[in-house]
Amino acid sequence: MTQDKIAEAVEQVPALDKRGTFTGPAWEEILPAVDSVLSAGKDGVVAVVAMLKDVDDGADYKARYFLHVIAQYVGRPGKEAARATFIEALASQLGGDRPKGVQGYVARQLQVAGSKDSAPALGKVLADPDLCEYATQALLAIRTGAVEEFRKALPELKGGPRLTVLQALGVLADGASVDAMKAAIADADREVRLAAGWGLARIGDAGSVDVVLKAADVDAGYERIKATSSALLLAEKLLSAGKKADAAKIYKHLQGTRTDPSEAYVKEVASEGLAKAGG
Amino acid sequence: MPSSKIGRRKFLADTTASVGFFAVAPSALLASPPRRSPNELYGGALIGCGGRGPSTYQEMTKNLPVEQRAQCDVKFVDKADNKMFYTDFRRVLERKDIDLVAIGTPPHWHSLISIAAAEAGKDVLCEKPMTRFIAEGRAVADTFKRYKRIFQIGTFGRFGVSKDKKNIEIHKIMRSGFLKENPGVYVKSGGLKVKEWSGRVNLAPQTPPANLDWNFYVGASPMKPYVPPRHGGTHRGYWDYEGGGLADMAQHTLDPYQWIYGKDDTSPVEIEAYAPPAHPEVCAMWGWIEMKYADGFTLVLESGEWGNKYDRKPARKPVLEDLDEESRKKLAALPDPEPLVTFAEAVRTRKQPGGNAEAAHRCAILLHLANIAIRTGRKLRFDPVKEEFVGDELANRYANPPMRAPWHL
C-alpha cells in the first residue's frame, strides 16, 4: 500500500467544525479505512506515524486520531494479530530520528494498546528527559516486562527521570528495589525521599520499618504528613502479611510520638492499628 | 411498623432475602471526636478558587462557624504570600489552624488533594465529579475511612429526594432483595452538555500566562503544552482533566437516582456505549450508554446529541406490584432509611454525611464506566467488588492510569 493510499485512508476522518471541536465518524464508517491500513502490515502503521508532526497544533489531527482509532480497534477480541503488528510498528519508531513530539505520541498509543513486546523499546527512551514520563506511563500501563526496564534504567538517571522511575518501581512494589529505595529515602530532594518511603511501604518490607519511621519523624509540615501516611501504609501491609510485631512497632512509635493535639487523629489511627496487631 | 433495632433484627431473622438491605455502611460509622480550633471557629480553606470554587466554599460553611484562612490556586503566582494566598495546596494543608477544606479545582486534582487533606486531619467538601478515574475514588474512600475524616461531595440532590415518600418506597423495594427480577430502567436523556464541553483540537501551543503555574496545574496528568482551553472551565473537554459533559453533569444528575435506586454500594456489571471512536485528547460526541447491574436494573445515559436514540428498553420504575404479596408485607415492616446527614452535622457529630466518599465514589464510577466504554469502543464487563474490568486488561488501563511523579495515590 503506498503512502498516497494511506493518506487517502486517513483523509476519511471528518473535518473539524468551525469551533474546532470534533465529531468522529461512526465505527462502521471508519473501519474499512482502518482495515486497509492494517492490511499493509507494519509499513501501513509506520506510514501513519510518518504523517505526524512534532507539535500538536491541529494540523495533523486526522493522522493522530486515525492512529488512536487503530489503538482502540486492535484491543478488540480477535484482533490479536493486528495488535501485534501495530505494537511492532510503534515500537520501531521509538529512540530513532522521529521528532520527540511524535515519539511521545507513539508512547501514549502504546499505553493504550502496547504489550510486553513493546517494553524494551519504551525502556530504551527512559533516559531521555523529553520521553521519560510518557515511556514510564506506558510501561506502568503495560506492567508485564516493565519492572526490568525500570531497574535497568534507574542507576543512570538523574533529576526528574530518576524520580519518575523510582516512583514507578514503588507503584510496582518491586521487592528487588528495596536497597535503592533505602538509599533514596535520605536523598537531598524531598520528592525523592517521599517517593522512596512510599515505595518501601508498598513493598511491605519488614526490614524497612526503621528507615520509614525515621523519615516520618521529620519536623512538622507536608513531608511529615505524607511520610506518616507511608508508615501507616507499611504497617497495614505488614499486618495483612501476618507480621504483627513489625506492624506493632510502627503503631507504637506513632502512638508515642504523635502527642501534639494537631496529630491526635494519627495517634487514634495508630492505637486502632495497635489493637489489631495485638500490641 | 417496627423502627427499633430489635424490630430490624427480628425482621432480618425472618428472611434471608433481605441480607442486602443493610449492606451499606451505616451512617454513624465514624466516631472520632470533632476537631475544633481553640477559639471555637473552624478554620476554612478554599483550594481551587475559580469557577465553582467560591460556591463550593459557601456550601462547606453552611451552618458552621467558619473563618476563611487560606485561598489557594495555581493561578495565584503573582499574589501568593503564603499567608492567605497560596499556589501550593501542600502549604495550606500543613497549617494546624485549618480544619475544613473546600476543593474547587478541576477534577484531576480532586483525589490527590482530598487524600492529602485527610492525611493532614482535615475534613473535605469536594466539588463534583469526585475523580478523574476509578482507582482514585477507591483511594479517597479508603483514606477517609483510615483517618476517620469527613468527605462530602459537592452535589446535594440526594438530600432532597431522600425525603420523598415515593422515592423512599422505591429505595426500599430496591434494597430489600425481594425482587426476583429487577425490571427497573432509568433513562437520563439529554442535559449532559456533550457538545458544549467537547474539547478543541486545532490550537497551537502557547506560553502559559505569567500568573499560572502550568506544571502544577497539570499535576498528575500527562504533561501537555499549554493551550488556553485546557485551563479555566473548558478543561472539561480534555481527558487529562475531566471527562466531558458526561463527567461534569452525570454525578450531579445521577447522584439522587443512585440513592433512590439503592446503588450506593455497588456498580454495573455490563457497560455498552454507542459512540464514534474516541479522540485521544478531547472528549467528544457520543449517543448513549447502557449500564446493567447484576440484579438486572438498567441505567441509560442518552446524549440526544449524536446518532440514533436509545430504543432497547423503555424507562420503568420498580413498583410494589412487582413484589408478591408476602414480600409486600415484609417490605411494609421494614424501617425507613435514616435521614441523610449534612456536611455540617457530620463535622460536628463525626457521622458519615449523605454524600460520603463511598457513595460519591460509586456515583463517579458510573461516569468513568461510561467514558471507558466510549474510549475502548467495546462492550465491557465490570466486577463491582474488585472494581476492575473482567477479561479486558486494556480497559483496566483506563481504570487506573499511571500518575506523573511526584504525584501518586
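Which residue with positive phi follows α16(A)? In this predicted model, that residue is A:Gly278, with phi near 75°.

**View 1. Helix α16 of chain A and its surroundings.** Helix α16(A) covers residues 264–276. With 13 residues at 1.5 Å a residue, the helix should span 18 Å, and its end C-alpha atoms are 19 Å apart, which agrees. Buried positions in α16(A) are A:Tyr265, A:Val266, A:Val269, A:Ala270, A:Gly273 and A:Leu274. Their cover includes α14 (222–240) and α15 (244–257) of chain A, along with α5 (134–147) of chain B.

**View 2. The largest nonpolar core.** This core has 197 residues. The residues with the most contacts inside it are A:Ile70, A:Leu122, A:Ala135, A:Ala231, B:Leu366 and B:Ala370. Helix α12 (residues 357–376) of chain B gives the largest share, 13 residues. Domain 1 (1–114) and domain 2 (205–279) of chain A both contribute residues, so the core lies between them.

View 3. Leaving aside residues up to four places away in sequence, A:Ala135 touches A:Ala107, A:Leu122, A:Val125 and A:Leu126. Another core, of 7 residues, lies apart from the largest one; among its members are B:Ile170, B:Ile173, B:Trp259 and B:Ile260.

**View 4. Strand β8 of chain B and its two partners.** Strand β8(B), residues 270–274, pairs with β9(B), residues 288–292, in the antiparallel sense over 5 bridges. Within this pairing, B:Ala273 has B:Ile289 as its bridge partner. Strand β8(B) is also joined by 2 bridges to β11(B), residues 380–383, again antiparallel. There, B:Ile271 is bridged to B:Leu380.

Notes
Residues numbered from 1 in each chain as written. Chains lettered and ligands numbered in written order. Predicted model: local features only at pLDDT ≥ 70, side-chain atom pairs only at ≥ 80, totals over all residues. Pairing = 2+ DSSP bridges. Helix = DSSP H or I, 4+ residues; strand = E, 2+ residues; numbered from the N terminus. Core = buried A, V, L, I, M, F, W, Y, C linked by C-beta atoms within 7 Å. Buried ≥ 20, exposed ≤ 12 C-beta atoms within 10 Å, placed from the backbone. Domains from an automatic or database assignment. Contact = placed C-beta atoms within 7 Å. Expected span 1.5 Å × (residues − 1).
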